[in-house]
Amino acid sequence: MSLATNGIDFGAAVPRAEGGEPGARGPERTHLAAQGVTVRYGRNAAIKGVSLKVPEHRVTALIGPSGCGKSTFLRLFNRMNDGIEGISIEGRVFLYDQDIYARDTDAVALRRRVGMVFQRSTPFPKSIYENVAYGLRIAGVRDRSEIARRIEESLVGAGLWDEVKDRMHDSAMGLSGGQAQRLCIARAMAIRPEIILMDEPASALDPIATARIEDLISSLKSRYTIVIVTHNLQQAARVSDYTAFFYMGELVEFAPTQALFTNPGESRTEEYITGRFG
Amino acid sequence: MTGRAPHTSHEYDRELAGVRRLLATMGGEVESLLSASLAALLHRDQDLAREALAREERVDQLEMEIDDLVHRILAIRQPVGVDLRFLTVSLRATTDLERVGDIGINIVHRAMDMEGHAVLPHPGLARLGDSARAMLAQALDALLREDAAAALRVIREDDAVDEENARIFRDLVARMGQEGADNEALTTQIFAAKHLERIADHATNLAEKVVFLVQGRDIRHPRAGSLGKGG
């Protein structure tokens with residue numbers, strides 16, 4: 001299998017073809033790519049020489065035990081690691097052909113293209129309306145009717161509109177955990193990113209709210225490329241097209257999710273997903 | 001036995017070991033049933049016929065017990081990887097084993113059909129019975145030891161069984177045309193040979209599942225597999 005590389009060809013890991021049949025969906029373009037990336041916090045390497053290509057309009061899950069580097073790796077794609085003291089990043093990271101860590105790359109502009117949803121929902125202490133409008137205004141959208149239209153569009157997209165349309169000016173702090181998380185997804189979607197990074201988006205939610213988030217992820221992938229970090233292996237198996245298994249900062253295996261969960265190619269992956277670890 | 005590291009959850013290991021133990025027990029029961037039914041057919045032994053019939057209920061019980069345990073593990077453990085393959089293979093293996101048990105009972109019925117007939121069992125039936133029984137034993141052993149090479153050897157033996165069955169069929173049909181032939185008894189033996197050939201087929205199915213369990217490779221229908229992948 002070969003993913004279209006957009007001119008980037010550096011032997012990065014692409015998911016192995018067997019089982020998941022990516023070829024059946026037609027050629028896939030690489031949206032994000034890491035090339036020989038090493039991330040150190042001081043002397044400790046959290047990521048060790050990882051190369052990986054994230055296909056466009058697919059859900060890619062990053063799994064691995066705590067401390068394996070998967071969240072650090074996720075945050076590379078919108079430079080959320082930048083402000084961390086003592087961090088050093090080697091290698092290159094691309095969004096299509098654009099080098100994310102090039103001197104002339106504007107991190108704020110990058111984050112408009114690469115949105116992020118965190119483990120804990122982070123609604124602002126403002127109204128539901130203002131929570132979504134805030135990001136739009138920062139992004140330079142001034143027209144009130146355009147803002148209203150984009151708010152509705154993103155709340156519909158996040159599956160929250162019907163639940164909040166009659167109380168748009170109530171405080172977002174009154175939403176349930178699952179609703180607040182979907183509000184955060186709507187907020188990320190409002191500025192129309194190409195990519196949404198999700199760091200354990202459902203880990204603080206009950207099973208029903210989790211199922212709604214998972215449904216939402218499946219419905220979003222026709223419009224967005226999604227990269228999700230999850231500790232919940234069943235969630236990775238349910239929502240993702242491709243899964244990357246990280247262990248101690250290394251990428252052990254990257255494969256179509258179906259293949260990785262039924263017949264992994266690496267014994268370390270097999271041990272981890274079947275619960276034979278530690 | 002499998003050489004894999006234990007699960008973090010020891011209870012999970014115990015549950016999987018329980019499935020393996022029950023499969024071994026069910027396999028043993030089916031082998032005993034088959035031996036008894038073959039002896040009933042070849043030696044016209046009424047006691048062995050009754051023994052085979054008595055074992056059927058235990059085989060059916062074990063099938064349900066294994067299925068129940070596997071369903072419970074699937075629900076509470078949500079297995080993946082080799083554990084998922086082992087459990088799905090176990091579910092399907094019980095179906096094959098239960099069918100072999102049923103066919104063993106059919107053989108007992110053929111033995112009963114032969115009562116009062118002077119025609120001796122065709123000598124090929126003993127050879128066919130030995131082959132089918134050996135294939136079943138080897139497939140079960142391959143399953144419990146997770147030995148794909150042994151499973152592939154079982155699969156290769158199936159053609160010889162088919163040929164033996166065809167030889168017996170031709171021979172018995174030829175005898176039917178002879179003066180004074182006991183066509184009813186000869187037809188019964190044709191059915192008995194077909195039963196044994198079907199047991200070899202189930203042993204082959206079991207062996208194919210072992211390859212899937214060990215290697216993650218579905219070798220059942222190579223042509224269908226390539227069609228399913230868009231040529």
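## A cysteine in helix H6 of chain A

In this predicted model, A:Cys184 sits in helix H6 (residues 177-190) of chain A. Helices (H or I, at least four residues) and strands (E, at least two) are DSSP runs, numbered from the N terminus. Is A:Cys184 buried or exposed? A:Cys184 is buried, with a relative accessible area of 6%; buried means under 20%, exposed over 50% and partly exposed in between, using a 1.4 Å probe and protein chains only.

Leaving aside residues up to four places away in sequence, A:Cys184 touches A:Val117, A:Ser121, A:Thr122 and A:Pro123. Contact means heavy atoms within 4.5 Å.

## The open sheet of chain A

Now look at the strands: 6 of them form an open sheet with mixed pairing, in the order E6-E7-E8-E3-E9-E10. Strands E6 (114-117) and E10 (250-256) stand at the edges with a single partner strand each, so one side of each has no neighbour in the sheet.

Strands E7 (residues 195-199) and E8 (residues 225-229) of chain A pair in the parallel sense over 5 bridges; two strands pair if DSSP finds at least two bridges between them. Here A:Asp199 stands opposite A:Val229 in E8(A). H6(A) lies across E6 and E7 of chain A.

## Two helices in chain B

In chain B, helix H3 (residues 81-114) and helix H6 (residues 183-215) pack at an angle of about 170 degrees, with their axes 9 Å apart. Axes are lines fitted to C-alpha atoms, for helices over the stretch in contact, and angles run from 0 to 180 degrees between N-to-C directions. H3(B) and H6(B) are therefore roughly antiparallel to each other (angles over 145 degrees).

## Reading the model

Residues are numbered from 1 along each chain as its sequence is written, and chains are lettered from A in the order in which they are written. Local features need pLDDT of at least 70, and side-chain atom pairs count only at pLDDT 80 or more, while side-chain values use heavy atoms, leaving out hydrogens and water.

Definitions and conventions: Angles under 35 degrees count as roughly parallel, over 145 as roughly antiparallel, 65 to 115 as roughly perpendicular and the rest as oblique.
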